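Here is a short report to read alongside the model. Please keep the structure open as you go.

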Number of protein chains: 2
Amino acid sequence: MSDVLVVGSLAFDSIRTPHGEVEEEPGGAATYFSLAASRFADVNLVGVVGGDFDSGLLSSMEASGIDLEGLKVIEDEKTFRWKGYYESDLEAQTEKTELNVFADFDPDLPPEYCETPYVFLGNIDPEIQLSVLEQMDNTRVTACDTMNFWIDSKPEALNRVLEQIDIFFLNSSEAEMMTGEANLITAAQKLRQRGPSIVIIKKGEHGVFMVGHDWQFVLPGFPVGLVQDPTGAGDSFGGGFMGYLAGTESDDFTALKHALVHGNIVASFTVQEFGVRRLLELEEWDIDERYQRFVRLTHFDL
Amino acid sequence: MSDVLVVGSLAFDSIRTPHGEVEEEPGGAATYFSLAASRFADVNLVGVVGGDFDSGLLSSMEASGIDLEGLKVIEDEKTFRWKGYYESDLEAQTEKTELNVFADFDPDLPPEYCETPYVFLGNIDPEIQLSVLEQMDNTRVTACDTMNFWIDSKPEALNRVLEQIDIFFLNSSEAEMMTGEANLITAAQKLRQRGPSIVIIKKGEHGVFMVGHDWQFVLPGFPVGLVQDPTGAGDSFGGGFMGYLAGTESDDFTALKHALVHGNIVASFTVQEFGVRRLLELEEWDIDERYQRFVRLTHFDL
């Protein structure tokens, strides 16, 4: 088993969905990612919080095998905050973002983090993603995520990130935004030409599409009867994916497919409750059972 | 091998997509359906055209094993016409509909059609669907499709159809419209309570979701690099599905899954060219090859 390093946000989220509402729920891309990845591998977390962040959650994260030496705690400042809502189409609508401690985030990695073999650059400023990559040595698989804000505001820095990574995660509207192509096959091939050998396009409830040099792989979403809160689904997916790869110390096609399935499954649990609540309760047999159900739900050539 | 009966429209379509434009292209739900189904079973077609319909296409259809005794040709009238376009989201936008011969369509089935075991009531007035059902005897599997126009204008007739059929095909926006449920699992269960034991929700490029009494099955769309024209994808899917079932004379879970896969595959060919052009050229080895590719694209537990 290898370790995974993740850099990204920890946050308080205020979320309204058709099924309820929470205020200041602990979340953030790196929180979802690391809790998901920790089911399969040890995690080195790089991020920043204020003195107000949930210390109980941090203890639970450490107990799950998430190393927090790379987490900077600025006692007299406030944690990053996001407020938003979802309507029935499950697209996030932002009402308010407060950067707080994130405004000056410039991570300085603990020396023992710098040779972590599996690296995930969460959806943050691509210049910070570049700074983390520069501090890394001997990586085996590097991946990054991004969002419309960075695609728009820092396209050149993002392109420099893409030149240096192996796997690029993004959602379908971002893929269209970056390439002008609504067709996912064409969009993925155009994105691969910018550097990453593998492109993974997330389609929300419709699943995920993975494209490599001479292969493609596609999974439907795991059907969930009641989506309480879509927040963190993509980050949980990334965490399940990278954690699974690191856990098997592999990156061949079979490992990539299984990683995709495990990312999908972990994300399907995340959305069933608000915030990271369901992720914190997730047991190995939950994942195994849903894996078997996913085989029965999707395999026809048995 | 059993036969499939289909009732539905034959039409001239004028279509504009991001990849081109055609005028008066022969199409219609029953045309797509029967060409797709004829790859796997013999088809009895019930419909109506004017004297202007494409006689070359009708000959090709007969040569493919589609019986046209149930097709009424009204020599001095005009065939049904549809004009519309698709933008990059591939949702059909109607510009003009001319009912023509379809305005007074009231099918009177040839006696030898009345015991066709597999029946597909294409997307037409639910009162016509009911009239066809009344003429049928000893059916094995009956299925129907519909659209927003009938859901809105004839909900009671549609409910009477649902009480009498086994399989209900509809797309995800129609499922939400009929049940008020955006979640497909919940929507499908509510629709099953109205009669059909199986509900098949079509999600366009995102594939298809099938729900029965105590099982679900889900397939992603077959990834197509260039969608020239989405017209007829749903009808080709239905034709591939029902034709496959009739061809195997079966309706168990394995047959239903394979029928879904073959519907998906036939539809993936349809959209690669305008109208029924690709369907007319489709060879058995095309389907076999895409079946094997679909296994490799989707199966992880091998």
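## Helix α11 of chain A

Helices (H or I, at least four residues) and strands (E, at least two) are DSSP runs, numbered from the N terminus.

This is a predicted model, where local features need pLDDT of at least 70, side-chain atom pairs count only at pLDDT 80 or more, and totals for chains, interfaces and linings use all residues. Residues are numbered from 1 along each chain as its sequence is written, while chains are lettered from A and ligands numbered from 1 in the order in which they are written.

R290(A), F294(A) and T298(A) are buried in α11(A) (20 or more other C-beta atoms, placed from the backbone, within 10 Å of their own; exposed means 12 or fewer, partly exposed in between). Down the axis, these buried residues fall within an arc of 55°, so they line one face of the helix; the arc is that of directions from the helix axis to the C-beta atoms. The face turned away carries the exposed E284(A), W285(A), D288(A), E289(A) and Q292(A).

The cover over the buried residues includes α9 (253-270) of chain A, and β14 and α11 of chain B.

## Where the chains meet

Chain B and chain A each bring 28 residues to their contact (C-beta atoms, placed from the backbone, within 7 Å). On the side of chain B, β14(B) gives the most, with four residues.

Methods: Two residues are in contact if their C-beta atoms, placed from the backbone, lie within 7 Å.
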